Amino acid sequence: MARTEGVGVGPNATVTGPGRQRAAGPDRDDADPTAAWSEYLAAARQLDGVRRGAAAAAGEQARSAEAAREELTLVRTGLASQQERLRELGVPAISLVPSRRS
């Protein structure tokens with residue numbers, strides 16, 4: 001938040017919102033402080049919408065990652081069970097180790 005303590009407000013300044021000042025004068029197109037404040041509020045709402053959208057996307061990504069981890073755990077459990085059965089049937093352990101292919 002901008003601090004305004006100890007800062008003098010000049011004769012050509014208008015307060016456009018909490019802690020904000022703008023120079024006012026004949027060369028300003030938006031001399032109406034309420035218009036500037038309305039623009040600020042609109043931008044803040046838009047930014048909030050973007051933030052909410054990003055949070056929703058991040059939440060969905062986290063849920064997808066958790067589901068993938070759970071599925072991977074189930075697959076690994078199934079593979080371990082199958083590996084144990086194959087060992088019982090006499091398949092050499094070296095044959096049950098994944099190989100890297102280029």
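Biologist: Before we start, what needs pLDDT of at least 70 here?

Modeller: Local features do in this predicted model, while side-chain atom pairs count only at pLDDT 80 or more, and totals for chains, interfaces and linings use all residues. Residues are numbered from 1 along each chain as its sequence is written, and side-chain values use heavy atoms, with hydrogens and water left out.

Biologist: Great. How many salt bridges are there?

Modeller: Four, where a salt bridge is a side-chain nitrogen of Lys or Arg within 4 Å of a carboxyl oxygen of Asp or Glu.

Biologist: Which residues are linked in a network?

Modeller: Asp48, Arg51 and Arg52. Asp48 pairs with Arg51 at 2.9 Å, N to O, and with Arg52 at 2.8 Å between the closest N and O atoms.

Biologist: And where do Asp48 and Arg51 lie?

Modeller: Both are in helix α1, residues 33-88, three residues apart, about one turn of the helix. Helices here are DSSP runs (H or I, at least four residues), numbered from the N terminus. Arg52 is also in helix α1, four residues from Asp48.

Biologist: Changing topic, is Arg52 buried or exposed?

Modeller: Exposed, at 53% relative accessibility. Buried means under 20% relative accessible area, exposed over 50%, and partly exposed in between (1.4 Å probe, protein chains only). Asp48 is partly exposed at 27%, and so is Arg51 at 48%.

Biologist: Nice. What does Glu60 pair with?

Modeller: Arg63, in a salt bridge of 3.2 Å, N to O.

Key: Helix = DSSP H or I, 4+ residues; strand = E, 2+ residues; numbered from the N terminus.
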